[in-house]
Amino acid sequence: MTEILPHSGSMNGKIHNFNVRVYYEDTDIGGVVYYANYLKFMERARSEMLRDLGIDQAEMLDYNNPEDVSFVVKRSEIDFNSPARFDDHLVIKSEIIKLGGASLIIKQDVTKNDHILVTGMIKIAAIGENGKTKRLPQNIKEKLNV
């Protein structure tokens, strides 16, 4: 399993906190975060949350075990409330709010000083090596059921 590093974030109860610094490359000419980059921040936070929960996505992608799945975004709903700017320190708060047989819904808030800038509701589907929906293995469901 990949080592969990300090910058990987941490679980606080059911919520995973992931720190992000806004770099110049994340912004438009006015120094405001380009809207699509929030999706990148959220993706990184979800990946680190799974790592923190003991789920090794890289190992699962080898499909060495017949139960292995990979995760894909099936749906995303994003509400933009306030902009983040160059050099801001953001915290992406991720929480699994629904766990289904072959999917999960993760609520993600991008915050600055505990003020919610962006909220995302992301539906993740589990798929098998053939690219078709596949039930989550029991051991993965147990890890996700925080």
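1. Let's start with a pair of strands: β5 and β6 run antiparallel and are joined by 10 bridges. Strands here are DSSP runs of E with at least two residues, helices are runs of H or I with at least four, and both are numbered from the N terminus. Two strands count as paired if DSSP finds at least two bridges between them. One place to look is Lys107, which stands opposite Met121 in β6.

2. A word on what you are viewing: this is a predicted model, where local features need pLDDT of at least 70 and side-chain atom pairs count only at pLDDT 80 or more, while totals for chains, interfaces and linings use all residues. Residues are numbered from 1 along each chain as its sequence is written, and side-chain values use heavy atoms, leaving out hydrogens and water.

3. Now follow the turn. β5 and β6 form a hairpin with two residues between them, and Asn113 in that turn has a positive phi of about 55°. Asp114, in the loop between β5 (103-112) and β6 (115-127), also has a positive phi, about 65°, although it is not a glycine. Is Asp114 buried or exposed? Asp114 is exposed, with a relative accessible area of 70%. (Buried means under 20% relative accessible area, exposed over 50%, and partly exposed in between, using a 1.4 Å probe and protein chains only.)

4. Step back to the sheet. Six strands form an open sheet in the order β1-β2-β4-β5-β6-β3, with antiparallel pairing. Because β1 (10-12) and β3 each have a single partner strand, they stand at the edges, and one side of each has no neighbour in the sheet. From one strand to the next, the twist averages 30°.

5. Three bridges join β1 to β2 (residues 15-21), and Asn12 has Ile15 in β2 as its bridge partner.

6. α1 (residues 35-52) has 18 residues and reaches 27 Å from its first C-alpha to its last, close to the 26 Å expected; the expected span is 1.5 Å times one less than the number of residues. Buried residues in α1 include Tyr38, Phe41 and Met49. Just after α1, Gly54 takes a positive phi of about 90°.

Definitions and conventions:
Axes fitted to C-alpha atoms, helices over the stretch in contact; angles between N-to-C directions.
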